[in-house]
Amino acid sequence: MGKTSEETARLDVQDALYGGFTEYLLRAAGLREGMRVLDVGCGTGGVSLAAARIVGPRGHVVGVDMNPEVLETARDNAAAAAMGNVRFEHRVLPDVELAEPVDALVGRLILMHLQDPVAVVKALTRSVRPGGLVTFQEINISRARAIPEVPLVTTCREWICAGQREAGSNPDMGEQLAQVLRSAGLSRPAVAVAVPTGDADSVAMSLVAETVRSLLPLIERSGVADAQDADVETLHSRLSQACEEAQATIYLSELVAAWGRLD
């Protein structure tokens, strides 16, 4: 997805839409007050801050990411939220070494970008104490849609899926998440799903348009569309207009959470 300022802004929009669902799913998975948490692929810090709110001042969260620039935004976001129980470190997965094991390993929208997510999860569980919680959240992009159908929304979904596949990412990692955790050694993982929605005036339009913008070089390389087809400078307004005319509700990508505990 790149390391541009535009992509960092897109991540903040994404968290505005998914943040509340992420916190709900973290609580459903068993994150509790006082836990020590490792958040991998933390980006601008949305998941880390959600975890920090849950674990409270008696707990602590370490967020790690491979992009040092985005970590500066994460630190700014933590400072703005007056969160003193979270810190951010530059790490490249799965090479994460901590001074002591954590009670929970969490991550959102990171496994979809990895060539071998099972191996990475296995390696990361070395940082989790026995009996600790492991939970990841991933999306199913192919489930995104407008009701009633809006052809431009459907087209954007197809472009985004094609761009992700061109990058070597799995656009529907959510539906495979439980199996990834099983293969990584977590027996009988539980699963839950949440779906953000919006209308023509919502920030959901911005997320779709800005995701197409971030992926445009990959979309073009995949051959499904070019810059003229996408016309990203007008895409947001065209999406809003099309959804307004159809009086449509947009259902964004499903957010799937799976979780289990280490034996």
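Let's start with how α7 and α9 cross: the crossing of these two helices is right-handed. The model I am describing is a predicted one. Helix α7 covers residues 204-222 and helix α9 covers residues 232-246. They pack with their axes 9 Å apart, at an angle of about 150 degrees. Angles over 145 degrees count as roughly antiparallel, and α7 and α9 are therefore roughly antiparallel to each other.

Which residues of α7 and α9 make the contact? On the α7 side they are M205, S206, V208, A209, V212, R213 and L216. On the α9 side they are V232, E233, L235, H236, L239, S240 and C243. Sorted by type, the residues of this contact come out as 9 nonpolar, 3 polar and 2 charged.

Staying in this part of the chain, please look at S202. S202 sits in the loop between β8, residues 197-198, and α7. Is S202 buried or exposed? Its relative accessible area is 19%, and the cut-off for buried is under 20%, so S202 counts as buried. The side chain of S202 also reaches the backbone oxygen of D199, at 3.0 Å.

Helix α1 runs over residues 5-29 and helix α3 over residues 68-80. Their axes are 10 Å apart, and the packing angle is about 40 degrees. Roughly parallel would require an angle under 35 degrees; α1 is therefore oblique to α3. The crossing of α1 and α3 is right-handed. What makes the contact here? From α1 there are T8, L11 and D12, and from α3 there are V70, T73 and N77. By type, the residues of the contact of α1 with α3 divide into 2 nonpolar, 3 polar and 1 charged.

The last stop is A52, a residue of helix α2, which spans residues 46-55. A52 has a relative accessibility of 1%, so A52 counts as buried. What does A52 touch, leaving out residues up to four places away in sequence? The list is V61, M83, N85 and V86. There is also a distance to G84, which is 32 residues from A52 along the chain. The C-alpha atoms of A52 and G84 are separated by 8.8 Å.

To recap the helix pairs: α7 and α9 are roughly antiparallel, while α1 is oblique to α3.

Notes:
Residues numbered from 1 in each chain as written. Predicted model: local features only at pLDDT ≥ 70, side-chain atom pairs only at ≥ 80, totals over all residues. Heavy atoms only, no water. Axes fitted to C-alpha atoms, helices over the stretch in contact; angles between N-to-C directions. Helix = DSSP H or I, 4+ residues; strand = E, 2+ residues; numbered from the N terminus. Parallel < 35°, antiparallel > 145°, perpendicular 65-115°, else oblique. Left-handed = near helix turned anticlockwise from the far one by under 90°. Contact = heavy atoms within 4.5 Å. Nonpolar A, V, L, I, M, F, W, Y, C, P; charged D, E, K, R; others polar. Buried < 20%, exposed > 50% of the residue type's maximum accessible area, 1.4 Å probe, protein only. Polar contact = N/O pair within 3.5 Å; in protein donor to acceptor, adjacent residues only side chain to side chain.
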